[in-house]
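Subject: Structure for you to look at

Hello,

Here is the structure we talked about. Please open it and keep it beside this message while you read what was found.

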Amino acid sequence: MKLFIDSGNIKDIETLAALGIIDGVTTNPTLLSKEPGDYRQNLKRICEIVNGPVSGEVVATDYAGMIREGHDIAKIDDRMIVKVPLTRNGIHACKTLSGETIRVNVTLVFSAAQALLAAKAGATYVSPFVGRLDDIASNGMGGVKEIVEIYDNYGYKTEVLVASCRHPMHIVEAARMGADICTCPPAVIDALFNHPLTSIGLEKFLKDWEKSQAVKA
Ligand code: E4P
């Protein structure tokens, strides 16, 4: 399964990308609004850091505006993916942009029914938001399972990009379900590394080694 960083922060992206385990980046207007500087230049810089797809989202809600902004985002770099919301205009724009070989990520997806529309519109990625569903006592990962099943049934090429991940178990469950990608905030990726037995075990190995060296000296 591919792992994307869900962030617009250049420093966080640089730090994680250096580990060699990151396959791409997703941003949204909220994430980019937190960063200083010009958003187009920031997206360009992210593309230079990460050797993989980088999603940038349109803010227009009308069809013509989405197409105009989609073209603008796609011009930033070959790695750019145009993110559109799952609305009627978003699905229409997805169909048009995908027809021009511009890759589209359909975002703000909260049901398998919506994910079916994204696949039919030729989306490269569909982004079901699991954490936001969990927040309202709905089963976010249950929706992902349905989407993976439906896409497998019909051989849709759209990749399932699990978004709004809040904790490592979202990632583990997504991988078990056969989702293609998880996009996670840096803190959630950091949490993947942690296990108390790893820390305890390493501390003991190092102490034992130090003791044995002191005896030999
Ligand atoms: C995905 O592309 C979105 O940017 C993101 O995962 C939303 O996550 P949130 O619900 O934590 O804001």
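In this predicted model, the residues around the ligand are Asp6, Thr26, Asn28, Lys83, Phe129, Arg132, Ala163, Ser164 and Arg166. Sorted by class, this shell has four charged, three polar and two nonpolar residues.

Lys83 has a side-chain N or O atom 2.6 Å from an oxygen atom of the ligand. For Asn28 the corresponding distance to a ligand oxygen is 2.7 Å, and for Arg166 it is 2.8 Å. On its own the ligand has 340 Å² of accessible area, and the protein covers 86% of that.

The ligand takes up the space of the largest pocket. The volume of this pocket is about 340 Å³. It is lined by 22 residues, and those closest to its centre are Asp6, Asn28, Leu31, Phe129 and Arg132. Two or more lining residues come from each of α2 (29-33) and β5 (104-109). The lining has eight nonpolar, eight polar and six charged residues.

Next, the second largest pocket, which holds about 170 Å³ of space. Its lining includes Asn28, Pro29, Leu32, Tyr39 and Glu69. At least two lining residues each come from α2, α3 (39-49), β3 (54-57) and α4 (63-76). Which element gives the most to this lining? It is α4, with three residues. By class, the lining of the second largest pocket has seven nonpolar, two polar and three charged residues.

Regards

Key
Residues are numbered from 1 along each chain as its sequence is written. This is a predicted model: local features need pLDDT of at least 70, side-chain atom pairs count only at pLDDT 80 or more; totals for chains, interfaces and linings use all residues. Side-chain values use heavy atoms; hydrogens and water are left out. A residue is near a molecule or strand if one of its heavy atoms lies within 4 Å of it. A polar contact is a pair of N or O atoms within 3.5 Å; within protein, one must be able to donate a hydrogen and the other to accept it, and residues adjacent in sequence count only if both atoms are side-chain atoms. Accessible areas come from the Shrake-Rupley method with a 1.4 Å probe; for residues, only the protein chains shown count as cover. On a 1 Å grid over the protein atoms alone, a cavity is a set of points where a 1.4 Å probe fits but cannot get out, and a pocket is an open set with protein on both sides within 12 Å along at least five of seven lines; lining residues have an atom within 4 Å of a point. A molecule sits in a cavity or pocket if more than half of its atoms lie within 2 Å of its grid points. Ala, Val, Leu, Ile, Met, Phe, Trp, Tyr, Cys and Pro count as nonpolar, Asp, Glu, Lys and Arg as charged, and the others, Gly among them, as polar. Grid points are joined across faces, edges and corners, and a volume is the space filled by probe spheres set on the points. Helices (H or I, at least four residues) and strands (E, at least two) are DSSP runs, numbered from the N terminus.
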